[in-house]
Amino acid sequence: MARTLLAGFFLVLIGAGPAVAQGRPTAALRPVVEADAVHPGTSARVALVVTLPPNLHVQSNQPRDRDLIPTALAIEPVPGVTVSHIVYPPAMDFAQIGQREPLLVFPHEFAVAAELAVGASVAPGDLTLRGRFRYQACDDRGCFGPITVPVEWTLKVVAASTPVTPVNRALVAGVGGGDRVDGAAALAALPPGAAPRPASSAAGAASALARLDRFTILATEG
């Protein structure tokens, strides 16, 4: 009897395995800049274009349900460059099965922007802006676990006499209508992403599952 119960316990683990192995739906992220360069002493805008698989959405930056994870972007400042605001698109209502009221969500494709102030003393050259983006993908029945991923942009600073050419002005300028969050507050509110799992952990899990071959399954129970 004990052996049968133990085998049943391991069957439950095997049944849960594919859900973990399949992982969570991930978004394609495309960082863009408003122009090919920026002059010292001026402002600049960058954006992050987010594309999820069809029929999925993410929570807005301010979900109605406090148990859900808000979508959030935070950018770390670099010397001479200040992140003034993070700009979100307007959220939309979404009726999810089992929820009493509609959720506030962003659709499967949207963009979040950031407004930057470039100091007059910043020397010409390339600046790398690093940030973090957190989101929780959902469908019409439920939500997956949240994900925090690193993102970065390259901001090219040129002398005032050098022409600047718009490259994504319409896209970046089109982000708005939602909340504008102070850049420093956004950075403080978004914790760092989890560290990658060591490769040895995956190997250990595979080894543990291999031990199941030594058991004889006498019966199964749903």
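Which side chain does a polar contact of 2.7 Å join to that of Glu-115?

1. The partner is Arg-180, whose side chain forms this 2.7 Å polar contact with Glu-115. The model under review is a predicted one.

2. Glu-115 belongs to strand 8. Its relative accessible area is 17%, and the residue therefore counts as buried, the cut-off being under 20%. Leaving aside residues up to four places away in sequence, Glu-115 touches Ala-44, Arg-45, Thr-82, Val-83, Ser-84, His-85 and Val-87, as well as Arg-180.

3. In soluble globular proteins, nonpolar side chains tend to be buried together. Here the largest nonpolar core comprises 38 residues. Leu-73, Ile-75, Ile-86, Leu-116, Phe-133 and Trp-153 have the most contacts inside this core. Two or more residues each come from strand 2 (43–51), strand 4 (72–75), strand 5 (81–87), strand 8 (109–118), strand 9 (125–135) and strand 11 (147–157). Another core, of eight residues, lies apart from the largest one and includes Val-32, Val-87, Val-172 and Val-175.

4. Three aromatic pairs are found in a search of the whole structure. In one of them, the ring centres of Tyr-88 and Phe-106 are 6.3 Å apart and the planes lie at 10°, so this pair is stacked. Tyr-88 sits in the loop between strand 5 and strand 6 (92–94), and Phe-106 in strand 7 (residues 103–106); the pair therefore ties together parts 18 residues apart in sequence.

5. Tyr-88 and Phe-106 are both buried. Together with Phe-110, these two residues form a cluster linked by ring pairs.

Terms used
Residues numbered from 1 in each chain as written. Predicted model: local features only at pLDDT ≥ 70, side-chain atom pairs only at ≥ 80, totals over all residues. Heavy atoms only, no water. Core = buried A, V, L, I, M, F, W, Y, C linked by side-chain atoms within 4.5 Å. Buried < 20%, exposed > 50% of the residue type's maximum accessible area, 1.4 Å probe, protein only. Helix = DSSP H or I, 4+ residues; strand = E, 2+ residues; numbered from the N terminus. Phe/Tyr/Trp six-rings, centres within 6.5 Å; stacked < 30°, edge-to-face > 60°. Polar contact = N/O pair within 3.5 Å; in protein donor to acceptor, adjacent residues only side chain to side chain. Contact = heavy atoms within 4.5 Å.
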